[in-house]
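This note is meant for a colleague who meets the structure for the first time. The points below take up the ligand site, then the charged pairs and the aromatic rings.

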Amino acid sequence: MLVAEKLLLQVLIVLTPGFLMSLFYNGKRMSNSSTWFLAILHSTVALICMSVSYFEFQVPWDFRYIPLILSFLYGGARVGWVVTAVLVGFNFFYAFDLATILTSIVIAVVSHIMSMKYQFSRSRITKIAILLALAFFSLFLKFLSIADELFISLESTAMILLMNHMVFYFIAFILTTLFSMLLYELINEKNRILGEIIQKERQNTVAELAASIAHEVRNPLTVVKGFLQLMREDSKRENEVEYYNLALSELERAEYIVTDYLDFAKPKLNKIEVVSVTKCIQEVVSLLTPLALKENVELLAIYTENIDIKTDRYQFKQVLINFIKNSIEAINGEGKINIKVHQSKGLAYIKISDNGKGMSQEQLKQVGTVYYTTKKEGTGLGTMVSFQLIKQMGGKVTFYSREGVGTDVQISLPLYMNGRTVGAWRVTP
Ligand code: ADP
Ligand code: MG
């Protein structure tokens with residue numbers, strides 16, 4: 001076989017997982033089983049790469065490190081380390097290749113560190129830069145590991161051939177890495193769009209359900225309420241009046257829940273006015289302090305200046321309540337919630353940080369989707385509605401979270417006016 005053919009074989013082997021994933025993972029979220037699938041796929045590919053590596057200039061050439069890097073970047077730390085373990089294990093027990101063992105571990109450690117930045121990065125350029133950096137780094141390590149064997153026995157004519165080969169190998173390596181990335185990015189993009197469609201579909205169902213509940217249940221409720229009121233007026237006996245009152249108050253509660261649910265399902269901004277962010281936060285903090293006290297949570301709001309935005313005051317407060325309540329609920333035992341407000345470059349930033357139980361990467365991806373809840377009595381509507389409202393207000397919500405450490409929710413909204421410095425307030429249990 002020609003060298004070009006052997007290289008092409010490597011290219012095809014390395015690209016296989018990307019193609020397979022695009023076949024099997026249509027619109028599905030990465031679950032536990034798909035993580036394993038990815039781990040097995042990449043380990044197999046790395047092993048196949050090694051087994052069909054070809055000898056030129058007395059050293060083996062192949063792409064074994066590409067699946068390793070990709071497994072970290074697209075599968076996360078767990079998948080990455082499984083693939084590393086397979087590579088190391090194979091080379092330890094079977095191939096006795098110390099250079100590969102060391103190189104794999106070094107690449108794994110660097111990829112692990114880079115993968116955190118990679119997975120959170122939204123910019124394509126950053127991603128490509130990280131990927132290229134890792135690819136070049138692994139190429140560098142590879143050459144380092146074979147350099148002495150390569151150059152000892154070479155004459156000058158062979159040197160030119162070697163250089164030629166290296167250039168080809170180099171280009172093929174980089175292009176294959178980039179093409180694999182493209183495949184994975186396309187899969188992610190497709191899944192994201194499909195997920196959004198499903199999400200929209202569900203939201204519509206919720207909205208329709210709520211609307212029909214409002215019509216079908218609210219009207220009879222009103223009729224029943226009316227008659228009960230009439231009957232109460234006609235009633236002569238003392239304890240009968242009491243029963244009517246009880247029935248009426250329960251009816252009111254039912255009405256309230258129905259209305260509330262309608263509000264939830266169809267979030268929209270009604271009265272737009274200039275709203276002081278800091279004042280709203282103060283009011284919400286006062287409102288939630290009893291709840292926080294009960295849960296042994298310290299609520300602390302910090303700001304240095306008054307910040308105004310233009311929006312629906314009621315809905316803005318509702319968003320704050322939703323997020324702060326989630327924070328309170330995330331704290332088990334004693335805890336602390338900081339609400340920081342500041343402005344920068346025409347945006348008002350509100351950051352709600354808690355030291356609660358936090359979320360895993362998997363959870364973080366799902367937060368804000370309809371009905372997603374991990375609570376026994378949760379509805380999974382709060383964050384979804386808040387996301388939608390903030391979007392309508394022209395703002396953005398970003399979640400930062402680490403399991404066991406806590407969660408930061410950052411809301412950014414367009415500023416309305418520059419305010420004055422007002423101070424800080426503190427509410428503690
Ligand atoms: P609910 O509160 O009814 O469960 P939400 O939409 O408000 O619904 O929240 C969805 C899920 O997101 C919660 O069940 C929880 O698992 C997670 N979550 C939201 N905020 C936080 C937070 N601050 N800390 C930890 N988990 C959170
Ligand atoms: Mg909630």
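This is a predicted model: local features need pLDDT of at least 70, side-chain atom pairs count only at pLDDT 80 or more; totals for chains, interfaces and linings use all residues.

1. In the ligand site, a side-chain N or O atom of N326 lies 2.8 Å from an oxygen atom of ligand 1.

2. The side chain of T373 places an N or O atom 2.5 Å from an oxygen atom of the ligand. From G380 the approach is made by the backbone, with an N or O atom 3.1 Å from an oxygen atom of ligand 1. On its own, ligand 1 has 530 Å² of accessible area, and the protein covers 96% of that area.

3. Which residues come nearest to ligand 1? Of the 20 residues around the ligand, they are T373, T374, K375, T379 and T383. Helix 9 (313–330) and helix 11 (382–392) each contribute at least two residues to the shell. Helix 9 gives the largest share, namely four residues.

4. The model contains 12 salt bridges. One of them joins R124 to E185, with 3.4 Å between the closest N and O atoms. This pair links distant parts of the chain, since R124 belongs to helix 5 (residues 124–152) and E185 to helix 6, 61 residues apart.

5. Is K127 buried or exposed? At 11% relative accessibility, K127 counts as buried.

6. Another salt bridge is formed by the side chains of E273 and K271, at 3.8 Å from N to O. K271 is exposed, its relative accessible area being 56%. Elsewhere, D62, R64 and D97 are joined into one network by salt bridges that share partners.

7. Turning to the aromatic residues, the count of ring pairs comes to 14. The pair F92 and F93 is edge-to-face, because the planes stand at 90°, with 5.0 Å between the ring centres. Both partners are exposed: F92 has a relative accessible area of 53%, and F93 has one of 64%.

8. Y169 and F173 form a tilted pair, with 6.0 Å from centre to centre and 40° between the planes. Both residues lie in helix 6 (residues 156–234), four residues apart, which is about one turn of the helix.

9. Y169 and F173 belong to one aromatic cluster together with W61, F63 and F143. W61, a member of this cluster, has K142 over its face, at 5.5 Å from the ring centre.

How values were computed:
Residues are numbered from 1 along each chain as its sequence is written. Chains are lettered from A and ligands numbered from 1 in the order in which they are written. Side-chain values use heavy atoms; hydrogens and water are left out. Rings of Phe, Tyr and Trp (its six-membered ring) pair if their centres lie within 6.5 Å; planes under 30 degrees apart count as stacked, over 60 as edge-to-face and the rest as tilted. Buried means under 20% relative accessible area, exposed over 50%, partly exposed in between (1.4 Å probe, protein chains only). A charge sits over a ring if NZ of Lys or CZ of Arg is within 6 Å of the ring centre and within 35 degrees of the ring normal. A salt bridge is a side-chain nitrogen of Lys or Arg within 4 Å of a carboxyl oxygen of Asp or Glu. A residue is near a molecule or strand if one of its heavy atoms lies within 4 Å of it. A polar contact is a pair of N or O atoms within 3.5 Å; within protein, one must be able to donate a hydrogen and the other to accept it, and residues adjacent in sequence count only if both atoms are side-chain atoms. Accessible areas come from the Shrake-Rupley method with a 1.4 Å probe; for residues, only the protein chains shown count as cover.
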